[in-house]
Every structure is written in structure tokens, then in C-alpha cells.
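Q: I would like a close look at one part of this model, with the cut-offs stated as they come up. Please keep it to geometry and contacts.

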Amino acid sequence: SIVAEDKGNAPAWNYICFADTMLKDYKNGIAACMQAIAIQPNFQLAKNNLKWASDERSKLAADLAARAQAAPATRDARFYLDEGLDQLYLGAYDPAIESWRRTLELDPKNAIAANNIGTAYMMKLQYDEATTWFKRALALDPTMQLAKNNLAWAEQEKARHPPH
């Protein structure tokens, strides 16, 4: 809310960078760090956080590339579930969706994969698709609180951002 009121608040952008990086949302974390530095070019903490976020993103990308070398026979539902999560953290939403679809091909009752697909669609601002997947996750596991929360989030965002 501070940034909404004052887009020139470099420390607020740096806090967003830190929070996003802690949440492994490297794409948005790096963007927030860069915004802080654009506002205040000598902001050393933001520069440090930018390096940290970039390094973490690079490590994750390297891990993902190494995982891609795994023999196809070892690629089970868990493999694709983890791969999708790493792709989501990197901001690669479409590849993440494809990984989770593979999870569902191997484990059709995997509510986590269905929920995660909905999350990727939320990141893409495709609220109807997200809602469909959160409902599918709940059909697979009616007790999944995360999917209930995400469904409420999708419905709230859809109401806030009606189609033009």
C-alpha cells in the first residue's frame, strides 16, 4: 500500500524485493529491486538484494536444467510436481502448467497439481482458468484449505478486474 501511495519510495520497493525473494518469486523480486535502484541509484541494500535475488534465481535455473537431464524413466509424478514449482518460481508459468499436467497424467488424483495449475493461471491474470483449476483441486480433495483460499482469491480478483 505504501508503493500504491508513493511509487517513488525506494525503501518500500526494496522491502517488496526482499519479501518476493523470500517467497521465491524471483521475477517480481528482481523487478522490485530494479525499481528501488532506478529511484535511488546508490541504494546499496537494494543492490545487495538484487544480487541475492539474481543469484537465487540462477541457482534455481541451474537446478532445473540439471533436473532436465534426468532419465525419462525416473520422471514420476513427484518429479513433474517439483519441476513445475521451480518453473513457477522462475516466472515460467506455461512450462509450469505443462509440468503439472504431466503430474496429473501420472497421478490423476493429485489435488496439489490441480491447485498449482490454478496458481499459475492466477499469475497470468487468467482468473476464469484459475477458478476452474481450483474447483478441480477441491473436487479431488474437498478438504484442501489452500484450494479453498485460492478459489476465494481468484473470485475476488475476478470481481476487482472485470473483463473489458
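How far apart are the end C-alpha atoms of helix α3 (residues 26-39), and what span should its 14 residues have at 1.5 Å a residue? Please go on to its surroundings.

A: This is a predicted model, in which local features need pLDDT of at least 70 and side-chain atom pairs count only at pLDDT 80 or more, while totals for chains, interfaces and linings use all residues. Residues are numbered from 1 along each chain as its sequence is written, and side-chain values use heavy atoms, with hydrogens and water left out.

The end C-alpha atoms of α3 are 20 Å apart, which agrees with the 20 Å that its 14 residues should span at 1.5 Å a residue. The expected span is 1.5 Å times one less than the number of residues, and a helix is a DSSP run of H or I with at least four residues, numbered from the N terminus.

The buried residues of α3 are Tyr26, Gly29, Ile30, Ala32, Cys33, Ala36 and Ile37. They line one face of the helix, because down its axis they fall within an arc of 160°, taken from the directions from the axis to the C-beta atoms. Buried means under 20% relative accessible area, with exposed over 50% and partly exposed in between (1.4 Å probe, protein chains only). An α-helix has 3.6 residues a turn, so residues three or four places apart point the same way.

The partners of these buried residues are α2 (10-22), α4 (44-68) and α5 (77-89), where contact means heavy atoms within 4.5 Å.

In α2, the 13 residues should span 18 Å at 1.5 Å a residue, and the end C-alpha atoms are 18 Å apart, in agreement. Its buried residues are Ala10, Ala12, Trp13, Asn14, Cys17, Asp20 and Thr21. At the N-terminal end, Asn9 caps α2 through a side-chain oxygen 3.0 Å from the backbone nitrogen of Ala12. After α2 comes Lys24, with a positive phi near 65°.

Beyond residues up to four places away in sequence, Gln87 touches Leu64, Ala92, Pro95, Ala96 and Ser99; its side chain reaches the backbone nitrogen of Ala96 at 3.3 Å. Asp86, also found in α5, counts as buried at 10% relative accessibility. Leaving aside neighbours within four places in sequence, Asp86 is in contact with Leu60, Leu64 and Arg67.

Key
Helix = DSSP H or I, 4+ residues; strand = E, 2+ residues; numbered from the N terminus. Polar contact = N/O pair within 3.5 Å; in protein donor to acceptor, adjacent residues only side chain to side chain.
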